[in-house]
Amino acid sequence: MDLQQLEEEARQAALKDIQNMLQRPGQLEKVEQYRHRIGRKKASVEALLKTGMQNQLEGVRVGLKQLETCMQDVREVRRRMDAVERLLEGVPEVYDALEVVREENTKHSQYATAMENLKHIFNVDASVQKTMALIDEDKLLNAHQCLSDLENSRDDLLYELHKQPKQHASDKITLKRHFEKVDTVSQALEKKIRLILSRTLNTVRKKPTVIVTALRIIEREEKNDQFAVQQQKVTGFLPPGRPKAWRKMIMDVLQAAVITRIEGSKLEERADNKMWLVRDLEILRQIILEDLRVVKSLCVPCFPPHYDIFNEYVKFYHEGLSSYVSNFPFIPPLLLIGVSLFWQLDNIVRSGLEGNEYVSMLAWVTHTYPGGELMSHPDLSVDVHKLAGPLLRQEHLKSLENEYLQNMQRNYQEWMTKAAQTEKQEWFSEMVPDQDEHYYHTSAPVIIFQMIDQHLQVTNTIHQELTFKALVMSIQQVEIFGQTYLKNVIELKEHHFRNRDQIKYFTHFIITIVNNSQQMVELAQQMKQLYWPKSRTDHYEDFEKLLATFQRIRAHAANYLLEEAFLDMECHFNDLFTVKWLGSSIAVDTICVTLDDYFQDYNHLRPANFEMVINEAQKLLAKRYIRALLSKRLSKPRVECDAITRKINQEAKRFKLFFEKIAPKISLSDSPLDLIATLSALLISDIELLILDLHTLLGSYPSLSEDHLVRLFYIRNDVKAAEVREKVQDAMKSKKSMVSIAKQDCIFKEIVFSDKLW
């Protein structure tokens, strides 16, 4: 530290302070005051420094004095240790000299112990008889006192033998044989206590003092066990029969009593009552609830607090029920040999669960047991999950759920297979299908979805994830049923068209199939709205697949209806655009009459299906009529084409009026029948302006091919084929980039001819 530098810094700081204090002339008058103030501060600081120095010096003085005292103590300790070492040099000689005294002392100790226990040694038989009599008379505290005296006498004598340097096994054997009846008394008392505590829940209601007495004896024995174990750590001697561990024994007894209590709850088997499992579980619930009420209200005051008897009883019931629930659905009967389970286990394992018994068990495990009906009941208020964990391990819960779902799946497969077979048999019967508000139907769709809804309502009482699994599985099974149903429908159609006289009510049952398919789609959508979680997207393809299957069945069946109708009209379509057709309307009249006859049956279709069939019928009629128009059956000059065009337009109008008559409530706008008039207009168009008309037509119907247009102009024999082909090709060149804007354009894709004009 540089003192000069510090002094200079202090001087500079003082000058700076003076400059700050004397910046104005008026402040010079206060110079004397400033001097006095600084003087006082200086004196104060000097006093503080002086005091600090004095304190430091005083502390050093005290420390030196203590060090001096310590040195003196160390010298004194060293001096005394030297004296002790000199005294110990003579100890071996004294030890050898006192050998005789030690032997006499040992003998005296043994004689004293023997004298003290002499009365017990000579009166063992009498004491044993007295103790046994006290046990028989239920005077357990007195009996335990007598037993303790006998055990203490035996243990003291054995301990004296243990202390002897030279031990003889014969002495111990003789002594133990002399006291062997003491073990018999101990076992008798233990048996008595076992009996009392096995009836705890009954005894505590009537004579709680008996329970308290037994527990006092057990607590005494626990203390004796602890003393014996501590003594063994010090001396290596452990009295025979120790530790007795009676507290563990009584906990085992209480647990066994819980199992015995449950064993007595069985009332009936499945053969006696289909609701046997529900009744069994309800009885178990009532028994457990009542027993735990007794434990909480009566046993808790009787048992020592460290027993935590209420929670222990909860664990006993939990462990027992867990073993029961975890094992009965999974262990094969042969593995039960030598296994100790509840009464239900053996019988239930052999018989297994059936139907809704799975649901009863799952609902009881997941809701009833931990819920307000049992463990969370206001009288108990037990958080069993926190105290003892779940009643059923996750893997067993999943296995039980899977067994339930597999059982449900088997039921679905069995029932739906029978339903498909029954429906198939009805198709070949001589009976008209059932009607509901004039619509043909069968009960299969409603029954199927009612069955599914019942299962889902039941699973919903367990948890939503199981409900979702059941829903997905149900959808998959209904889709499989749909595939079988579709296969049967196709077989029905093929069988009918091989010989149309075999199935009397083919049309009626095809109508029924169309209605059923639509109903299946509607019921599936309703089921989805009720049970499908909004947040779930997995397995959605299964639902879409189900809808697609029944929509395909509906479309196939509707086509079969029209296929049958148009098969009857085949010859009349062959008469169109022939010479016979020019002078007669018989073909179109017959077509309309035939359709009207079939549509009398089609009125049994549900409105949505009827509209679909109407639209398909218009499309099919337009396609067949246009196909006849393009079939090269007629070739006339331009003059006669006016009459042909008028006839075509009249017939197209008649077709539309027919459909308006049979379906007045259905909109027929943008009907495919309008295509007939559109094409007929080309027959009377100016050949010079034809390319413009073709551009307009191809703009709306790009699926029109060259073959279609050339075939149309075959009717006009005044136009050369090469000229038509050239104009059509010119119009087709500009069609490549066009996109169809008319929904009826697809009709032209379905009209294909095997023969070509060139």
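Contact here means heavy atoms within 4.5 Å, and the model to which this criterion is applied is a predicted one.

| Helix pair | Residues | Angle | Axis separation |
|---|---|---|---|
| α20 and α21 | 464–498 and 506–531 | about 170° | 12 Å |
| α18 and α19 | 394–427 and 444–460 | about 170° | 11 Å |

Helices α20 and α21 pack at an angle of about 170°, and because angles over 145 degrees count as roughly antiparallel, α20 is roughly antiparallel to α21. On the α20 side the contact includes T467, L471, I475, V478, F481, Y485, V489, L492, K493, H496 and F497, which meet F506, I510, I513, N516, S517, M520, M527 and Y531 of α21. By residue class, this contact of α20 with α21 comprises 14 nonpolar, 4 polar and 1 charged.

For helices α18 and α19, with their axes 11 Å apart, the angle makes α18 roughly antiparallel to α19. Helix α18 contributes Y404, M408, Y412, W415, M416 and E423 to the contact, while α19 contributes A444, I447, I448, M451, I452, H455, V458 and T459. The residues of the contact of α18 with α19 divide into 11 nonpolar, 2 polar and 1 charged.

A further helix, α16, spans residues 357–368, and since 9 of its 12 residues are buried, α16 is largely enclosed by the rest of the structure. The buried residues of α16 are E357, Y358, V359, M361, L362, A363, W364, V365 and T368.

Conventions. Residues numbered from 1 in each chain as written. Predicted model: local features only at pLDDT ≥ 70, side-chain atom pairs only at ≥ 80, totals over all residues. Heavy atoms only, no water. Axes fitted to C-alpha atoms, helices over the stretch in contact; angles between N-to-C directions. Helix = DSSP H or I, 4+ residues; strand = E, 2+ residues; numbered from the N terminus. Parallel < 35°, antiparallel > 145°, perpendicular 65-115°, else oblique. Nonpolar A, V, L, I, M, F, W, Y, C, P; charged D, E, K, R; others polar. Buried < 20%, exposed > 50% of the residue type's maximum accessible area, 1.4 Å probe, protein only.
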